[in-house]
Amino acid sequence: MGLFTFKEIRDVCGGKFSRSAPLTASVDEVVTDSRQAMKNALFIALSGEKFDAHDYLDDAVRNGASLLCVETAKADKVPEGAFALLVESPLAAYQQLAGYHRKRFPKLKLAALTGSCGKTTTKEILRTIFEYAAGKEHVLATEGNTNNQIGVPCNLLRLTDQHQYAVIEMGTNHHGEIEPLAQIAQPETSLIVSIGNCHLEFFINLDGVATEKSHIFTPVSVRNAVFPQECGGIAVIRKAASPISRKITFGESPESSVQVVYNGGNLDGSSFDLIDTASGKKVTVQWNLTGRHQALNAGGAAAAALSFGIPLETTAEAIRRIHVPGFRMKRTMHGDALWINDAYNGNPDSICAALGWLCEFADPAHLVLVLGDMGELGKESLKGHMRVLSFALDNLPGARIAAVGKKMTEALAVLDLTVKHNGVTVFPDAASATGPVRDMARAGDIVFLKGSRSTGLEVIEPEADKE
């Protein structure tokens, strides 16, 4: 039996067929990339700012699509002889199909999470907890950073009968994006990891961020609301969570449902305690991630796991085994200097958290900080860049700082109106910083790179020449 019959697709997505179609016929998969080989697939023709899949319908049919989902206004692009379902929005149809498929698994324990910082790390921690509790083959988790309007339905369509748990990450940078994703995922537990100064170009302030993130609580399926005990926009979050029967908080406060006590760390790892404040149960975790912010991410994952009845001891044992994949905090020796490349993303909160981690063990005299521009901060941009530079200057005096990008340059100029900052060098972009920063690095130094992905700081690392 196929994944969906033609009739199911029509009934779920609405619209009409471009010509008489066999309603009992079925498709075996749903695909959005016309270039890939597919077998008896439904091809969803998505459109974006830089592409329009309607221009490649012939390729999709040639590669194995037996049914096309096409925008009604572009019906003239349907290849002759092909079956096509004409809909108002192929993206909406894609999401509706994913929501329909998710409802086939009423016993699935699904956790949805969102936040300004730490989403992917927390997702990986929660994935590890679920896999330790139920077995890897019984857990589905968001792949990579596929957490947007296209990625979430793609992940939900991977669900099968073997899955007992799922953890679905949801990202947003505009109002109105979280709620439709939450509605199709139908989570039992919804987790807000953090609220910070991210995407303020559209959300304006922390209450705006919290308002959008809190829409993860809107589905009637949500029985457990998990969120920080203290964070920006907390009043907004608490109000949004008020209809939900069970609320579980996490944080450093003893008033948290799951309290996190950070014991410190170094380059190789750290230690923290997790305390179930209701029972007084406490576990200590030694793991290979470092920083207070990472311990708080673990606290959020532990709180979500607790909502499913997973004991704190099981969670602690799983966390000790965690390995977070990807680009974050890549450490490489170049000559006699250690380069730490965390240039995957950056906002004022995440960069200050990373600098706070460096404060735990790094000697500022042997530290080179490469701090890049941060995007999507809107009216708070200057303030956010000044905050990062001030934090570095105040907490790591003596460190050599490379401020990279127009926004960092402007922020330093404003700071210089009151005090002259020695040891800070400005560069208009990453390319111009590459040679000078490499020359700054001396034997025994740590070179730390952090900024928004768009700034492209990764080219500064010597290894980048070989990639």
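Here are some questions and answers about how the elements of this predicted model are described.

Q: Which residues make the contact of α13 with α14?
A: From α13 come Ser381, Leu382, His385, Met386, Val388, Leu389 and Ser390. Helix α14 brings Lys407, Met408, Glu410, Ala411, Leu412, Val414 and Leu415. By kind, the residues of this contact are 9 nonpolar, 3 polar and 2 charged.

Q: What makes β9 and β16 the edges of the open sheet?
A: Let's walk along the sheet: its 9 strands follow the order β9-β10-β8-β11-β12-β13-β14-β15-β16, with mixed pairing. Strands β9 (139-141) and β16 (281-287) each have a single partner strand, so one side of each has no neighbour in the sheet. From one strand to the next, the twist averages 15 degrees.

Q: How do you know that β13 and β14 pair?
A: Pairing requires at least two bridges. Strand β13 (residues 246-251) and strand β14 (residues 258-266) have 2 bridges, in the parallel sense. One place to look is Phe250, which stands opposite Val258 in β14. Helix α9 (residues 234-241) packs on the sheet, touching β11 (189-192), β12 (224-228) and β13. The direction of α9 makes about 175 degrees with that of β12.

Q: What makes both faces of strand β7 covered?
A: Buried means under 20% relative accessible area. In β7 (residues 84-87), Ala84 and Leu86 on one side are buried, and Leu85 and Val87 on the other are buried too.

Q: Which strands does β7 pair with, and in which sense?
A: Strand β2 (residues 16-17) runs antiparallel to β7, joined by 2 bridges, and Lys16 stands opposite Leu86. Strand β6 (residues 65-71) pairs with β7 in the parallel sense over 4 bridges, with Leu68 opposite Ala84.

Q: Which residues have the most contacts inside the largest nonpolar core?
A: In this core of 49 residues, they are Ile9, Leu42, Leu156, Met170 and Phe217. Helix α6 (residues 178-185) gives the largest share, 5 residues. Leaving aside residues up to four places away in sequence, Leu156 touches Ala98, His101, Arg102, Leu110, Ile168, Ile184 and Ala185. A second, separate core has 40 residues, including Ile248, Trp287, Ala295 and Ala298.

Key:
Residues numbered from 1 in each chain as written. Predicted model: local features only at pLDDT ≥ 70, side-chain atom pairs only at ≥ 80, totals over all residues. Heavy atoms only, no water. Axes fitted to C-alpha atoms, helices over the stretch in contact; angles between N-to-C directions. Contact = heavy atoms within 4.5 Å. Core = buried A, V, L, I, M, F, W, Y, C linked by side-chain atoms within 4.5 Å. Buried < 20%, exposed > 50% of the residue type's maximum accessible area, 1.4 Å probe, protein only. Nonpolar A, V, L, I, M, F, W, Y, C, P; charged D, E, K, R; others polar.
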